[in-house]
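Q: I have just opened this one and would like a slow walk through it. Could you take me along, piece by piece?

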Amino acid sequence: MATETPMLDELEKGRWPSYVKELKESGYEGLVKLYELEFQEKKTHWIHGGIVSIPGYDAGVIGRLSDRHDLVKDSHTLRVLPCPGWCYNTKIWRKIADLWEKHGSGLVNLTGSTADIQLVGTTTDKLVPVFEGLYEIGLDIGGSGPALRTTSACVGPARCEWALYDTLDLQADLFNTYIDEMHRPRWPYKWKWKLAGCPNDCVASIARADMPIIGTWRDEIQIDQEMVKEYVKAGLDINQVIAKCPTGCISWDGKELTIDNEHCVRCMRCINAMPKALKPGKKRGATIMLGA
Ligand code: SF4
Ligand code: SF4
């Protein structure tokens, strides 16, 4: 049977979750129609309409205005500062969901790299009521535009044994110290910090931040030789581990694993392969890097 949205319907097929399905369920009918139209015409109907913001803030709202007011006039996204470690209780989430269903689409994006909670889809007249509601819950707006963007941090010591410094503590400190720079864009361009507790870099700071702050260690990798042997006995191809060391500073003589720590670049590949046998050194801290 023919539907009004044949092209969007294609994006609902398959076994994976569909954002189109979520969009349709939100009841945001005009937006769904506009989206279908864009696929049909192969062009966007979103236009640059200047800054949309909450009075006194200037950041935190990603404004979207359309040239098809008959379908949908505007559909903005709000960025909300996250809790370090993304540790929330259900009480908070019920309040956020109620607020956003009352004043917005009800759609929330938690998977972006901005670190923020993203409330997706509301109109200009609802921005202040949403902001007031967030304030009552105890939440604040995140960064956007040419400002300090919301600092992102990995879960660090809250949940990860590899955290080499307290990413959450630093994230909270940076929020509290530089909140003005996040809320009031006054720079020529955006600036991003991302905090990774170790070189595994789960927040992709190397790729996405102007200033990655990555946990590292100064001294020698801790080796448990007996556990190395256990790994080998259990079938680990230790020659592969050695081959993947970017500086070729590991060797194995069949009885003992040796690391030339002078040439180790702290990439963690060997540690990830044998986490029970190898651990970062004991003198731990962070490397501050500049430039994406
Ligand atoms: S970056 Fe390192 S410390 Fe942070 S969550 Fe990933 S593995 Fe753990
Ligand atoms: S951490 Fe990386 S550079 Fe250092 S020994 Fe292991 S694989 Fe090699």
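**A first walk through the model**

Q: Where does T258 lie?

A: T258 is part of strand β12, residues 257-259, where helices (H or I, at least four residues) and strands (E, at least two) are DSSP runs numbered from the N terminus. This is a predicted model, in which local features need pLDDT of at least 70 and side-chain atom pairs count only at pLDDT 80 or more, while totals for chains, interfaces and linings use all residues. Residues are numbered from 1 along each chain as its sequence is written, chains are lettered from A and ligands numbered from 1 in the order in which they are written, and side-chain values use heavy atoms, with hydrogens and water left out.

Q: And what does T258 touch?

A: Leaving aside residues up to four places away in sequence, T258 touches C249, I250 and S251, a contact being heavy atoms within 4.5 Å.

Q: How does T258 count for accessibility, and why?

A: T258 counts as partly exposed because its relative accessibility is 39%; buried means under 20% relative accessible area, exposed over 50%, and partly exposed in between (1.4 Å probe, protein chains only).

Q: What about T216, buried or exposed?

A: T216, found in strand β9 (residues 211-217), counts as buried at 17% relative accessibility. Its contacts, again not counting residues up to four places away in sequence, are L164, R266, K283, R284, G285, A286 and T287.

Q: Switching topic, what is the order of strands in the open sheet of four?

A: The order is β2-β4-β6-β5, with antiparallel pairing, and two strands pair if DSSP finds at least two bridges between them. The edges are β2 (61-62) and β5 (107-109), each with a single partner strand, so one side of each has no neighbour in the sheet.

Q: How many bridges join β5 to β6?

A: Three bridges join β5 to β6 (residues 117-122), and the two run antiparallel; L107 stands opposite V120 in β6.

Q: Which helices pack on that sheet?

A: Helix α4 (residues 90-103) packs on the sheet and touches β4 (76-80), β5 and β6, its direction making about 20° with that of β6. Helix α5 (residues 127-137) also packs there, touching β2, β4 and β6, and its direction makes about 20° with that of β4. Axes here are lines fitted to C-alpha atoms, for helices over the stretch in contact, and angles run from 0 to 180 degrees between N-to-C directions.

Q: Last one: where is L11?

A: L11 sits in the loop between α1 (6-10) and α2 (19-25), and it counts as partly exposed at 33% relative accessibility.
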